[in-house]
Amino acid sequence: MQFYRDGYRPGDPDIHPAAPEALARPAGLPDELDVLIVGTGPAGTVLAAQLAAFPGIRTGIVERRETPLELGHADGVAVRTVEMFQTFGLADALVREAYWVNEVRFWGPSEKDRSNIVRTGWVQDTPDGLSEFPHVIVNQARMQQYLLDHAAKSASRLTADYGIEFVTLTVGDGEHPVEVTLRHVAGEQAGEKFTVRAKYVVGCDGARSNVRRAIGRELKGDAANHAWGVMDVLANTDFPDWRTKNVIQSAGKGSLLMIPREGGNMVRLYVDLGEVPAGDTEIRKTTVEQLTEVANAILHPYSIDVRSVAWSSVYEVGQRVTDRFDDVPDELVGTRRPHVFIAGDACHTHSAKAGQGMNVSMMDAFNLGWKLVAVLEGRSDESLLDTYSAERQSVAQDLIDFDRFWSAFIAQPTLDPAHPELGGVTTEEMQSEFARQGRYTAGLATKYRPSTLTGEDTHQALAQGFEIGTRFHSAPVVRVADARRMQLGHAHVADARWRLYAFGDKGGSALQDFARWLSDDPESPVWRFRVRDADVDSVFDVHGVFRVGHHNVDIAAVPEILRPHSGPFGLQDWEKVWAIDPSDDIFDARGIAEDGAIVIVRPDQYIAHVLPLTARAELTQFFEGVFVERRAAALR
């Protein structure tokens, strides 16, 4: 973390000095905005945290509730989401507070007495090597507050305006083509409508999204037919695995999914309430007392004595998704650019069983945020925004397909050996399937298809462990300047820059030549796609990973792009030159060929391309599809 590049300042380095634009901005929503975010749920807060880093982008965020969320519905935080939080500098605080899901234990009917349950096995929750971070459990409200606090501490001092609901919008022409009608729902102005104009609007306003309705999109999919009760409880119990995640199958009394919460005492119970007719409203009247009674029946011979319930709900499982995530009519795709987007539950809904709802919603926003920045700052053409719906709708459809299978699978009754004709699943099958789906539930199954943002796999063999289209899989390295052992992926910051990781060849000459070309040649992407007089690393954050120990790298001899001078004082950046960690060689761990490789990583941490260190024209050609020529442009 660097925080003195603009000069020394005392105090908390996480609180950035307010930008002049922020200080000059009047209170409340201005009449014109670059981006209006509707909703402070998982997607809305991630998008706000990204855009807050750019005070020159006028961003507003409105929320119908009068205050921030206090009791969140979602709580499972996949390892991929923790990796994303690391780009905001929030992962350490998150994992410190969270419950770590280390194991999943399985319980089923006893062979001696099927009215009792017994432990039948266990699996490691997240297989070794998938990520440097754990799968954790944290209240959704806390996740959102981390992000809101981050935005408030940014140079733009971005905060949400509460007690304001979205009414409708129209898309016209002009610099701010979206006219949005809003309404105060609290305070002296309650009931009053007003309008703002925006370049872009993002609806993060949940499954009943009014933004979605305003652009004519519909959620389509299966009706719900299986009900679950959920409650966060503080309880005393004789059940021995109260502080581990459990999948419990009873003989004829239903199933129970048990997930410990942060804080050492609270546990979330998902209670199987069985099949229900679609649209059944009576099941939603199930009380906490009734849920507790069902849970105790499933847990027999164990029991829980519930002393307090922090939150409870009853819901029916249904999987639905919209066909596009923006406002462009099907017949105009490719000819008209989007100005309204939807993210999260506004465009896909599913069960909570896979623990992916909040995680995928946040990834929607993480995908969209940097694209909005690139367009609004003039780095990329508006056509870049077409890729949001193209990429994320297919991810959502994959999730719907997985959730349809997964929610049905874990809702199956346990197989009764005496009556196999009744069907069901054995405890061994349940355990095996949990282990098999580990990569998906960790949030690591997303793979973007070849496009302008994702290259073909022609040179994949140069870096087999960095699969094109998937997230950048970090590994340990040693920072040469200070001999610090750390994860290479933690150099990635949510600042809308692309990362170029140049992995060295035997001898290091090809790496040095590549870095020198980037530094000196006017035809290199560093020069062609950067505004004149901007910092040399303002668009591309280039890192060199040498194939030797840190004592064998002469950092004073590396080209400018690996030790760039930037900021108002032109200070050198000492944090872009890396060497191998002898205890865990990244070249071996990620299958880097002896000739080295360039690994291009998008601002959302996904691998865009793998190329040889000798690639010049191919690298430039790839970025011609992403950026507009800027070397002759004046500073904005």
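Helix axes here are lines fitted to C-alpha atoms over the stretch in contact, and angles run from 0 to 180 degrees between N-to-C directions. Helices (H or I, at least four residues) and strands (E, at least two) are DSSP runs, numbered from the N terminus. You're looking at a predicted model, where local features need pLDDT of at least 70, side-chain atom pairs count only at pLDDT 80 or more, and totals for chains, interfaces and linings use all residues. Residues are numbered from 1 along each chain as its sequence is written, and side-chain values use heavy atoms, with hydrogens and water left out.

**Stop one: H3 and H8**

Select residues 79–87 (H3) and 357–376 (H8): they pack at about 40 degrees, with axes 10 Å apart. That angle makes H3 oblique to H8 (under 35 degrees is roughly parallel, over 145 roughly antiparallel, 65 to 115 roughly perpendicular, the rest oblique). Now show side chains: Arg80, Thr81, Met84, Phe85 and Thr87 of H3 meet Asn359, Met362, Met363 and Phe366 of H8. Contact means heavy atoms within 4.5 Å.

**Stop two: H15**

Jump to residues 617–624, where Leu619, Thr620, Phe622 and Phe623 are buried (under 20% relative accessible area; exposed is over 50%, partly exposed in between, with a 1.4 Å probe and protein chains only). Looking down the axis of H15, these buried residues fall within an arc of 155 degrees, so they line one face. The arc uses directions from the helix axis to the C-beta atoms. On the face turned away, find exposed Ala617 and Gln621. Among the elements covering the buried residues of H15 are H12 (509–520) and E24 (540–545).

**Stop three: Leu29**

Finally, pick Leu29, in the loop between H1 (20–24) and E1 (32–38). Leu29 is buried, at 18% relative accessible area. Beyond neighbours within four places in sequence, Leu29 touches Gly60, Val62, Asp161, Ile164, Leu182 and Phe194.
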